[in-house]
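Hi,

Here is the structure I promised to pass on. My notes on it follow below.

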Amino acid sequence: MSRQRRERALAAATRHRPGVARLRADVVELERHARDLLGHIRGDLDDDYLLSVRSGLDHAAGQLGQLADELGRQLAVLARVVEVLGDPARCGLPWPVCPHCLGQGLSSSGRQSWCPGCRRRWPTLQVDPCPWPAVATVTDREGAELRLCASHTRDAGRRLVGATVAWDQRGRSGR
Ligand SMILES: [Zn+2]
Ligand SMILES: [Zn+2]
């Protein structure tokens, strides 16, 4: 974990967002094209000769629609990464933790994450990267400093040998 990694991730997400958005727009356009074509073929010939062509095009259009949805989800991830990592007041570590049970990692399945301790649930998009406010400075053995939320600070204090933790005045009580 390092500040440079965070900056590189922010820069990459910012740089590649427009490319992913263009790709999604292209796929949406392709899906529209496939459905148009399907409509024409259906209108032209209402018999069994082209049955497999019709069902194949229908399937292809459905796949393109799913692909557009998936790209839309990845665009939302990129937007969230830019939003969280672009805000120096937020923790931003890439694995989610519970803000109520300090140091407790969240379990994830599909698009949902939950705390094994208190059972609170969040959409994964909302908690990864870590959106909780940075309330302490953790310095590792090499002298690299990181601003972390209360929960990640508690975790780092346990895990990083030789790390020092300096809590902010107000953040002491955590959340
Ligand atoms: Zn919890
Ligand atoms: Zn955190």
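First off, which domains does the domain assignment of the protein give? There are two entries, domain 1 (3-85) and domain 2 (88-175), with bounds that come from an automatic or database domain assignment.

Before the details, some housekeeping. This is a predicted model, where local features need pLDDT of at least 70 and side-chain atom pairs count only at pLDDT 80 or more, while totals for chains, interfaces and linings use all residues. Residues are numbered from 1 along each chain as its sequence is written, and chains are lettered from A and ligands numbered from 1 in the order in which they are written.

The C-alpha centres of domain 1 and domain 2 are 34 Å apart. Eight residues from domain 1 and six residues from domain 2 make the contact (C-beta atoms, placed from the backbone, within 7 Å). On the domain 1 side, α1 (3-44) and α2 (51-85) are the elements that give two or more residues, and α2 has the largest share, six residues. That side of domain 1 divides into five nonpolar, no polar and three charged residues (nonpolar is Ala, Val, Leu, Ile, Met, Phe, Trp, Tyr, Cys and Pro; charged is Asp, Glu, Lys and Arg; the others, Gly among them, are polar). Helices here are DSSP runs of H or I, at least four residues, and strands are runs of E, at least two, numbered from the N terminus.

Now the sheet. Three strands form an open sheet in the order β5-β4-β6, with antiparallel pairing (strands pair if DSSP finds at least two bridges between them). β5 and β6 are at the edges with a single partner strand each, so one side of each has no neighbour in the sheet.

β4 (residues 136-139) pairs with β5 (residues 145-148) over four bridges, and with β6 (residues 164-167) also over four bridges. Ala-136 sits opposite Leu-148 in β5, Thr-139 has Glu-145 as its bridge partner, and Thr-137 faces Ala-166 in β6. In the β4-β5 hairpin, with five residues between the strands, Gly-143 has a positive phi near 90°.

Cheers

Notes. Contact = placed C-beta atoms within 7 Å.
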